[in-house]
Amino acid sequence: MIEHNKQFLIILSAPSGGGKTTILNEVRRMTDNIDYSVSYTTRQPRGTEENKIHYHFVDEPEFLLRKEAGDFLESALVFGKWYGTSISFIKGRLEAGKHVIMDIDVQGAALISSTDIPYVKVFIVPPSMDILKDRLIKRDTDSMEEIEKRLKIAITELEHIDRYDYLVINDDLETAVRDVISIVRAEENRTDKYINPIAGFLCTGENHDQ
Ligand code: 5GP
């Protein structure tokens, strides 16, 4: 039998308001081999966010201690707050046979390139700047000043698109979710994700008649 046990990181980045969180939650709901990496952050919880589910909410001294101790695969200052990915969590889930999906900004995604853990990077973008602005306004979580700031940042983030393997345009949610799942499936079927497929194919002694 041909064996396949190489799990990988699925790195999602998108401008704020790009619909990344919704897509990510749908992808997790529709698959059974993808775990979510809960990041550490020094920002305050928003709305119904819960500690350890949406983020590990920690103060800056604790974050910096963890960073110093090498607990993070990557970390970055985003909108003036620290965010970081726990290396032990990721390794644990990969060893348990799961892919790990991560929601990280373009700086963090760039840092991932230097690890030896396999990954695929996906950038999600709304169809246009006007639609992004509309979505941020409808989300009703930020002031107009904050929205303008996020739009400016979005333009600089878009300049990183060519460092990603795939670009998903989030026009229709269902299509975007299906695209991300297709990307994962395609990556799983890359020839280098199989362990010695010829030996596996030639392996005899298995009885498939029953
Ligand atoms: P929010 O505070 O709105 O949840 O996230 C703000 C930004 O931080 C988003 O672009 C999100 O992708 C990014 N982010 C969340 N977790 C991490 C992380 O662990 N590392 C990095 N580099 N960015 C993160």
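The ligand sits in the largest pocket. By "sits in" I mean that more than half of its atoms lie within 2 Å of the pocket's grid points. A pocket here is an open set of points on a 1 Å grid over the protein atoms alone, where a 1.4 Å probe fits, with protein on both sides within 12 Å along at least five of seven lines.

Ground rules, quickly. This is a predicted model, where local features need pLDDT of at least 70, side-chain atom pairs count only at pLDDT 80 or more, and totals for chains, interfaces and linings use all residues. Residues are numbered from 1 along each chain as its sequence is written, and side-chain values use heavy atoms, with hydrogens and water left out.

Now the ligand shell. It holds 15 residues, and S39, R43, Y55, Y83 and D103 come nearest. Near means a heavy atom within 4 Å. By class, the shell has six charged, five nonpolar and four polar residues. Ala, Val, Leu, Ile, Met, Phe, Trp, Tyr, Cys and Pro count as nonpolar, Asp, Glu, Lys and Arg as charged, and the others, Gly among them, as polar.

Next, polar contacts, meaning pairs of N or O atoms within 3.5 Å. R43 puts a polar side-chain atom 2.5 Å from a ligand oxygen. For Y55, a side-chain N or O atom is 2.5 Å from an oxygen of the ligand. For Y83, the distance from a polar side-chain atom to a ligand oxygen is 2.4 Å. How much of the ligand does the protein bury? It buries 91% of the 510 Å² that the ligand exposes when taken alone. Those areas are Shrake-Rupley, with a 1.4 Å probe.

Lining residues have an atom within 4 Å of a point. There are 40 of them, and K20, T21, R46, Y55 and D103 are closest to the centre. Elements giving two or more residues to this lining are α1 (20-30), β5, β6, α5 (129-139) and α6 (144-158). Helices are DSSP runs of H or I with at least four residues, and strands are E runs of at least two. Which helix gives the most to the lining? α1 does, with six residues. The lining divides into 15 polar, 13 charged and twelve nonpolar residues.

Definitions and conventions:
Polar contact = N/O pair within 3.5 Å; in protein donor to acceptor, adjacent residues only side chain to side chain.
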